[in-house]
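Here are my notes for your first look at this structure. Keep the sequence and the 3D view side by side as you read.

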Amino acid sequence: MGLIRAVFDASFRQGSARLKPVGPRWPLLLFHVDTGGCGGCGMELEALAAGGYDMQGAGFGFASTPQGADVLLITGALTYAMAPVLEAAWKAMPTPKGVICVGNCAIDGGLFPENYTIMGGLNRKVHINLRIKGCPPTPQEVLDGLCSLFGQRAPAAAYAGASSSSTSS
Ligand code: SF4
């Protein structure tokens with residue numbers, strides 16, 4: 001267990017480049033990995049990607065492969081089983097690249113404390129460019145957080161009821 005953590009930590013810290021500012025590649029492409037948790041945050045991301053929140057208009061999209069992504073977007077508490085998957089995705093991404101944690105589980109483990117199967121959240125394990133708190137954060141909160149990377153305001157949601165942000169970086 002300790003070895004897995006050490007390899008994982010070293011890999012991420014070596015590649016802990018800051019997120020690039022809005023640059024030649026637009027939109028900013030996110031590669032999502034769900035490392036555990038209940039799956040609720042992943043469902044919110046699916047709602048965000050569905051189109052009603054104008055994610056694409058705000059300059060963000062999802063990449064289908066890590067090779068085409070700018071940012072590794074992580075949901076769920078990290079399990080030992082998923083650590084190699086996450087590491088492989090990170091290594092496959094071109095540089096510069098960054099890490100965004102969506103949901104409390106990805107940040108600090110949330111409802112899932114460390115045990116023999118769970119490493120917990122990514123706090124103190126890797127450099128995190130953006131934390132979007134919540135259990136789960138709403139699609140609008142996720143979009144607000146993404147837009148905050150560049151000092152932008154998120155577009156108004158087409159869906160009624162989507163509201164305020166609870167993000168930190
Ligand atoms: S933060 Fe909440 S909704 Fe998201 S994966 Fe964890 S338990 Fe599920």
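**Notes on the model**

1. Start with contacts in the protein chain. Of those with a separation of 6 or more, 80% join residues 24 or more positions apart. Two residues are in contact if their C-beta atoms, placed from the backbone, lie within 7 Å.

2. Know the source. This is a predicted model: local features need pLDDT of at least 70, side-chain atom pairs count only at pLDDT 80 or more, and totals for chains, interfaces and linings use all residues. Residues are numbered from 1 along each chain as its sequence is written.

3. The protein chain has 5 helices and 8 strands. Helices (H or I, at least four residues) and strands (E, at least two) are DSSP runs, numbered from the N terminus. Their order along the sequence is α-β-α-β-β-β-α-β-α-β-β-α-β.

4. The protein chain has 169 residues, and 41% of them count as buried. Buried means that 20 or more other C-beta atoms, placed from the backbone, lie within 10 Å of the residue's own.

5. Look at Leu-122. Setting aside neighbours within four places in sequence, Leu-122 contacts Ile-74, Leu-78, Cys-101, Ala-106, Ile-107 and Ile-128.

Terms used: Buried ≥ 20, exposed ≤ 12 C-beta atoms within 10 Å, placed from the backbone.
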